[in-house]
Amino acid sequence: MQQQKTSPWLVAFRILFTAALLACILFIFRNSMQTGEVSSARSQAVTAMVNGFLGKFGLGPLSEHIIRKLAHFSEFMLEGFLLMLCLRVYTRRFVRHVSWPLLAGMSTALMDETIQLSIPNRTSSVTDVWIDMAGVIAGLFVALIILLILRAAVAFYQVKRENKALRAEQEALRQREHERLARRAAHRAAKGEEPDEEENEA
């Protein structure tokens, strides 16, 4: 049995999404490996930037603690999103195997908090693991919704294209039948015969 050839586009998407996922995980671990002083300085800078932006709309300010938790949620939401995209490009049954990215996201969250145990002035928190997992689930859900919408759109387009091809085929069959009956009527007329009922209907 001949094996079906993998599409070059599918190979390209596999490379792209896998590289993006690995880059996201490395970014998460890199943040965890920063010392408490460096991490705090970055958090303060991001907090000042976010509150400056929110202040333009009369919102905020947000505390550094909330900013840090939102950062946790956001980076793991991105990981969950990329995990689902990776799952899709490696299997069409991505809904059935959704437990795989969930397990991968949980593993990343646990490793992330474990890394912080050995970093000076950093602490590990069970709460952060739950926040990380909430981000993963949110990312998975967003990607899943997008993939299901795309699947429905592709299915609708395929049905529409097949219906169009069927109508064109039916029209071609009717045209050939009309031509056949016209030739038959012309042939009978040349012989001086009366057209039959089928030819009159045509």
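Helices here are DSSP runs of at least four residues, numbered from the N terminus. The model shown is predicted.

**View 1. Arg174 and Glu171 pair within helix 5.** Their side chains meet in a salt bridge, at 2.7 Å from N to O. Being 3 residues apart in helix 5, the two are separated by about one helical turn. Arg174 has a relative accessibility of 45%, so Arg174 counts as partly exposed. Glu171 is partly exposed as well, because its relative accessibility is 42%.

**View 2. Arg180 and Glu177 form another salt bridge.** The closest N and O atoms are 2.7 Å apart. Both residues lie in helix 5. They are 3 residues apart, about one turn of the helix. Arg180 counts as partly exposed, at 33% relative accessibility. Glu177 also counts as partly exposed, at 32%.

**View 3. Lys69 and Asp128 meet in a salt bridge.** The N to O distance is 2.5 Å. Lys69 lies in helix 3 and Asp128 in helix 5, so the pair ties together parts that are 59 residues apart in sequence. Lys69 is partly exposed, with a relative accessible area of 21%. Asp128 has a relative accessible area of 5% and is buried, because buried means under 20%. The count of salt bridges in the model comes to 3. Side chains of opposite charge can pair when their charged atoms come close.

View 4. Phe141 has its place in helix 5, which covers residues 126-190. At 53% relative accessibility, Phe141 counts as exposed, because the cut-off for exposed is over 50%.

**View 5. The largest pocket has a volume of about 430 Å³.** Helix 3 gives the most, with 7 residues. Rolling a probe the size of a water molecule over the atoms shows where empty space is left.

**View 6. The lining of the largest pocket is made of 19 residues.** Asn31, Ser43, Arg68, Ala71 and Glu75 lie nearest the centre of the pocket. The lining residues divide into 6 nonpolar, 8 polar and 5 charged.

Conventions: Residues numbered from 1 in each chain as written. Predicted model: local features only at pLDDT ≥ 70, side-chain atom pairs only at ≥ 80, totals over all residues. Heavy atoms only, no water. 1 Å grid on protein atoms, 1.4 Å probe; cavity = no way out; pocket = protein on both sides within 12 Å on 5 of 7 lines; lining within 4 Å. Points joined across faces, edges and corners; volume = space filled by probe spheres on them. Nonpolar A, V, L, I, M, F, W, Y, C, P; charged D, E, K, R; others polar. Buried < 20%, exposed > 50% of the residue type's maximum accessible area, 1.4 Å probe, protein only. Salt bridge = Lys/Arg side-chain N within 4 Å of Asp/Glu carboxyl O.
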